[in-house]
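Here is a briefing on a predicted model. Please read it with the sequence and structure open.

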Amino acid sequence: MEMERINENTIRVVIGNDDLSERGITVLDLLGNHKQIEGFFYSILEEVDVDHQFQDNDAVTFQVLPNRNGLELFISKNVDEDDVTDDNGADASVDSDHPDQVSDQIKEHLLEKDDQKDFFSNFKSQASDSNDIEDYLNDDGQPTTTRVVKLHSFEDMISLARVLHLENAASNLYQYNGNYYLELIFFVNESSKESIKDELAVAYEYADRTKVAADVLAEHGKLIMEHSALELTRFHFIGNN
């Protein structure tokens, strides 16, 4: 993590993915966990504001500029709202009392960058391009069997994606009650019982069995990646394999 004092009212903090990992947080976490967002902001502020010039100020704003390598966090105090803009002139400030604003802000900034276009939108759009999977799931005549596993962290999702390559199954990633859940839907007519058993054995090395049902996730969970979660994780976080 790097810190730069831009002026008496603004601190710029560069936070890499390794720094985020050390704090047990990912950019995806910042999309939905508002309490974690607020705690994350203030933990960074406490580290860099050694003179307590910002922590003791009630008018603190945070400017978040995510990128593939992590994010840049601008912490400002006593700033006129008209002056808090990013390079494109768009309002990028987040009131410290309203951390829920940051979810949409992160998405907007990721989508604004040419080299990051549709970074999060691709989670769903690319999966929807998998017409064979979608057609199979929509065909009531094709039998499937579903298992849900609970991941310890998103890093475990990345680790699982490295080793589990499904050929005849769909995978959906959800966030529910602060945890990540992976729904695996196996195409029975295209898979043997042995292959399904082997693939589940691999999944259980990185995740736990859970009583949370797929219907509960679909109704109450937040769908992060649809149909091809394992493939999309490899694409976005590991690279094309």
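**Strand pairing**

Strand 6 and strand 8 run antiparallel and are joined by eight bridges. Two strands pair if DSSP finds at least two bridges between them. Helices (H or I, at least four residues) and strands (E, at least two) are DSSP runs, numbered from the N terminus.

This is a predicted model: local features need pLDDT of at least 70, side-chain atom pairs count only at pLDDT 80 or more, and totals for chains, interfaces and linings use all residues. Residues are numbered from 1 along each chain as its sequence is written, and side-chain values use heavy atoms, with hydrogens and water left out.

- Arg147 has Leu184 as its bridge partner in strand 8.
- Strand 6 also runs antiparallel to strand 9 (residues 207-209), with three bridges between them.
- Lys150 has Asp208 as its bridge partner in strand 9.

**Helix 6 and the cores**

- Helix 6 (residues 154-163) has these buried residues: Phe154, Asp156, Met157, Ile158, Leu160 and Ala161. Buried means under 20% relative accessible area, exposed over 50%, partly exposed in between (1.4 Å probe, protein chains only).
- Their cover includes strand 6 (144-151), strand 7 (169-176), strand 8 (179-187), helix 7 (193-203), strand 10 (222-225) and helix 9 (229-238).
- The largest nonpolar core has 24 residues, and Leu151, Met157, Leu173, Leu182, Leu184 and Leu230 have the most contacts inside it. Such a core is a set of buried Ala, Val, Leu, Ile, Met, Phe, Trp, Tyr and Cys residues joined through side-chain atoms within 4.5 Å.
- Helix 6 gives the most to this core, with five residues.
- A second, separate core of 18 residues includes Ile25, Phe41, Ile44 and Phe54.

**Thr10**

- Thr10 is found in strand 2 (residues 10-16). Thr10 is buried, at a relative accessible area of 12%.
- The side chains of Thr10 and Ser76 make a polar contact (3.4 Å). A polar contact is a pair of N or O atoms within 3.5 Å; within protein, one must be able to donate a hydrogen and the other to accept it, and residues adjacent in sequence count only if both atoms are side-chain atoms.

**Aromatic rings**

- There are three aromatic pairs. Rings of Phe, Tyr and Trp (its six-membered ring) pair if their centres lie within 6.5 Å; planes under 30 degrees apart count as stacked, over 60 as edge-to-face and the rest as tilted.
- Phe40 and Phe41 form a tilted pair, because their ring centres are 6.4 Å apart and their planes lie at 40°.
- Phe40 is buried at 5% relative accessibility, and Phe41 is buried at 4%.

Notes
Contact means heavy atoms within 4.5 Å.
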